[in-house]
Each structure stands twice: as structure tokens, then as C-alpha cells.
Amino acid sequence: MYLVVNADDLGYADRRDDGILRTLLHNDGVATSMSLLVNGMSAENAAERILSMHESCVDVGLHINLTEGLPVAEKADVATLLDGGGCFLGKMEFRAALQDGHVDTAQVQHEIVAQLEKFRRLLGHYPHHADGHQHVHVLPKVCAVFAAALRRHGVQWTRMPVEPAIAAGNAHWLSAGQRAFL
């Protein structure tokens, strides 16, 4: 058994990427894996940098984003996830829209698959693991389509975040088994 310390948000911006890659490649930190945000401003550059690391044994995952920036899928195909300007709704707005039934889970799945496919296009393979930006992957209605998409694409690993609401037993959207696991 070993501890996995994952560095999220690779691909968000060049300066953040520099820090993540320095931590992973030069033993300046404790991170053992990283997750790529494929809709981030520096995603393509970050992917090129990963590919140039010929001897790297670092696991690279997908950091699925449904709350910030632009979608990977065509905007018309994920309209319930977007604001009037064509950007994702934002962390709290997405959660509210999901709770109020204004988010089409088929569109959530469509965006997740689009991000999985973009990851494959950028790196030549599907991710080792996947998780959600701002823990969106454990939200009600999202977790089922997230798990189904990962299963179909052969992604076997994700994480269950430990947050105060979860630790206090207030995470009603998790099954009893998931709560017991934590």
C-alpha cells in the first residue's frame, strides 16, 4: 500500500503548471500523480510537457470540469450547463441548478465524454484516473453518469473527497455504503 498525493488543475494556467510539474518531476514536493484540466487555458501546452517527459512514471488523470470556463463539447449540446455567455455556470450556480432540476444529466455525460476524448487526443490514451474539479463528481445526479462514463472508457480509479459535510454525515447524496467507506 502507498499514499497517493494528487496535484489537480494541471492545464489551468502556465504558472500553476510550472509548480505542479516541478513538484512531481524534481522531488520538490510530495505529489505522486497529477490531473489534467483539459478545458484549461494551458491544457495543450501542459499535455506537450507531459509527453516530453519520456521517463516519467507519474500517473496522469483527468480533472473533469463542469463549473469553470468553456465546455469541451459543442455549446448547443451542453446548454443546461452554461450561462448566457456560454461559460459553465460556476461552482455554486451549478450546484443550485442541479438541485433545482435545471441540469440535464445527459448533457453532463456528454461533456464528461468530450473531456475524456480530448484527454485521449492530447496524450494518446485515456486517463489513469479521473476526479472532479471542485468535487463535482460526487454531486447527486452527477456521480452516476460520471461513474458510467469512466467505466465505458476503462478508467478504474477516482477519489472520494473528505469534506466537513461528508465527515459530519450530512452528505445525503452519497449512498450508505459510500458514507461508511469514508
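The exercises below treat charged residues and cysteines in a predicted model.

**Exercise 1.** Determine which side chain of opposite charge is nearest to aspartate 17, and what surrounds this residue.

Solution. 
1. Locate the residue: aspartate 17 sits in helix H1, which covers residues 14-25.
2. Aspartate 17 is buried and has no salt bridge. The nearest side chain of opposite charge belongs to arginine 49, 5.1 Å away.
3. List the contacts, leaving aside neighbours within four places in sequence: Asp9, Leu10, Gly11, Tyr12, Ser42, Ala46 and Arg49.

**Exercise 2.** Find the salt bridge between aspartate 18 and arginine 49 and state which parts of the chain it links.

Solution. 
1. The closest N and O atoms of aspartate 18 and arginine 49 are 2.8 Å apart, and the pair forms a salt bridge.
2. Aspartate 18 belongs to helix H1 and arginine 49 to helix H2 (residues 43-51); 31 residues separate them.
3. Aspartate 18 has a relative accessible area of 34% and is partly exposed. Arginine 49, at 26%, is also partly exposed.

**Exercise 3.** Decide whether glutamate 44 and lysine 118 are buried or partly exposed, and describe their pairing.

Solution. 
1. The two side chains meet in a salt bridge, with an N to O distance of 3.0 Å.
2. Glutamate 44 is in helix H2 and lysine 118 in helix H4 (residues 105-123), so the bridge ties together parts 74 residues apart in sequence.
3. Buried means under 20% relative accessible area. Lysine 118, at 17%, is therefore buried, whereas glutamate 44, at 37%, is partly exposed.

**Exercise 4.** Identify the network that contains aspartate 131.

Solution. 
1. Arginine 159 forms a salt bridge with aspartate 131, the closest N and O atoms being 3.5 Å apart.
2. Arginine 159 lies in the loop between helix H5 (142-152) and helix H6 (164-167), and aspartate 131 in strand E4 (residues 130-132), 28 residues apart.
3. Shared partners join Asp8, Asp131 and Arg159 into one network of salt bridges.
4. Aspartate 131 is buried at 2% relative accessible area; arginine 159 is partly exposed at 23%.

**Exercise 5.** Count the salt bridges and the disulfides.

Solution. 
1. The whole structure contains six salt bridges.
2. The count of disulfides is zero.
3. Cysteine 87 is partly exposed at 29% relative accessibility, and cysteine 143 is partly exposed at 24%.

Note on methods:
Residues are numbered from 1 along each chain as its sequence is written. This is a predicted model: local features need pLDDT of at least 70, side-chain atom pairs count only at pLDDT 80 or more; totals for chains, interfaces and linings use all residues. Side-chain values use heavy atoms; hydrogens and water are left out. Helices (H or I, at least four residues) and strands (E, at least two) are DSSP runs, numbered from the N terminus. Buried means under 20% relative accessible area, exposed over 50%, partly exposed in between (1.4 Å probe, protein chains only). Lys and Arg count as positive and Asp and Glu as negative; His and the chain ends are not counted. A salt bridge is a side-chain nitrogen of Lys or Arg within 4 Å of a carboxyl oxygen of Asp or Glu. Contact means heavy atoms within 4.5 Å. A disulfide is a pair of cysteine sulfur atoms within 2.5 Å.
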